[in-house]
Amino acid sequence: MTGARRTAWAGGVAALVLSSCMSPGAADDEARFARERERLVARDLRGEGIRDERVLAAIGAVKRHEFVPLELRAQAYVDRPLPIGDGQTISQPYVVALMSERLAVRPGDKVLEVGTGSGYQAAVLAQLGCRVFSVEILPELADSARQRLHRLGYDVAVRAGDGYFGWPEEAPFDGIIITAATPQVPEALVGQLREGGRIVLPLGGDDGQRLVVGTRTATGLKLEDVGGVAFVPMTGEVRRK
Ligand code: SAH
């Protein structure tokens with residue numbers, strides 16, 4: 001009896017020692033996340049047709065697990081959108097890659113984002129070498145994204161406000177990306193795009209959305225349809241039009 005209990009106790013100590021040695025520390029977590037990120041890039045992005053090597057490298061470098069709520073970290077490198085609070089979502093990595101690719105930006109380009117959310121898309125654009133200006137309509141989200149981006153070392157300017165009006169003081173932009181669905185392309189944003197610059201956005205409403213790329217020409221916008229998407233709606237002024 002006693003012997004059996006002692007054995008069990010000794011086994012308990014052994015298990016305890018073992019588990020404390022093997023406890024997944026922060027470094028282990030980072031290594032695991034890095035492997036998951038690599039797999040995501042290979043299988044869900046490259047494997048699904050994303051070709052731009054710079055975009056693939058940027059997504060391979062940005063720590064998406066830092067942009068999702070703690071309790072969802074284990075799913076950070078699954079290719080799907082995740083809730084980030086306030087009824088909003090961080091976009092699916094494939095869609096972030098596709099939009100970044102279609103924006104066709106170069107290092108040093110000045111980019112406006114409408115819909116900061118978690119700040120992830122902004123971080124990917126900053127990782128691509130862009131100077132990023134991002135507007136978020138929900139002040140709490142704008143604050144947390146600004147803090148997160150700065151903590152992670154991304155030099156992104158975040159402003160709380162209605163992105164419908166753009167960021168006139170910083171215009172013109174080489175590229176504009178809207179990450180919430182809008183029934184029409186906001187006129188003010190077209191005006192803040194340089195000629196030859198691109199705007200990428202989910203266009204549409206409850207009856208369906210299309211990812212669209214607009215290229216600013218001398219006379220207006222040349223639109224190209226990329227495919228079906230599902231984004232949260234853009235709110236604010238655009239709903240009063
Ligand atoms: N780009 C984000 C995902 C955005 S979800 C990311 O990488 O995590 C869409 C975001 O757009 C939400 O945070 C929502 O609050 C914001 N949004 C909706 N309408 C807006 C508007 N008119 N101006 C600025 N932000 C807006």
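**View 1. Crossing of helix H2 and helix H4 in the predicted model**. The axes of H2 (residues 26–45) and H4 (residues 93–103) come within 10 Å and cross at roughly 70°. Axes are lines fitted to C-alpha atoms, for helices over the stretch in contact, with angles from 0 to 180 degrees between N-to-C directions. The two helices are therefore roughly perpendicular (65 to 115 degrees). Helices are DSSP runs of H or I with at least four residues and strands are E runs of at least two, numbered from the N terminus. Residues are numbered from 1 along each chain as its sequence is written. Local features need pLDDT of at least 70 and side-chain atom pairs pLDDT 80 or more, whereas totals for chains, interfaces and linings use all residues.

**View 2. Residues joining H2 and H4**. H2 contributes Leu40, Asp44 and Leu45, and H4 contributes Pro93, Tyr94 and Ala97; contact requires C-beta atoms, placed from the backbone, within 7 Å.

**View 3. The open sheet of 7 strands**. Pairing is mixed, and the strand order is E5-E4-E3-E6-E7-E8-E9; a pair needs at least two DSSP bridges. Strands E5 (156–160) and E9 (221–229) are at the edges with a single partner strand each, so one side of each lacks a neighbour in the sheet. From one strand to the next, the twist averages 15°.

**View 4. Strands E8 and E9, with H4 on the sheet**. E8 (residues 208–216) pairs with E9 in the antiparallel sense over 8 bridges. Threonine 215 has lysine 222 of E9 as its bridge partner. H4 packs on the sheet, touching E6 (173–178), E7 (193–205), E8 and E9. The direction of H4 makes about 150° with that of E7.

Conventions. Angles under 35 degrees count as roughly parallel, over 145 as roughly antiparallel, 65 to 115 as roughly perpendicular and the rest as oblique. Two residues are in contact if their C-beta atoms, placed from the backbone, lie within 7 Å.
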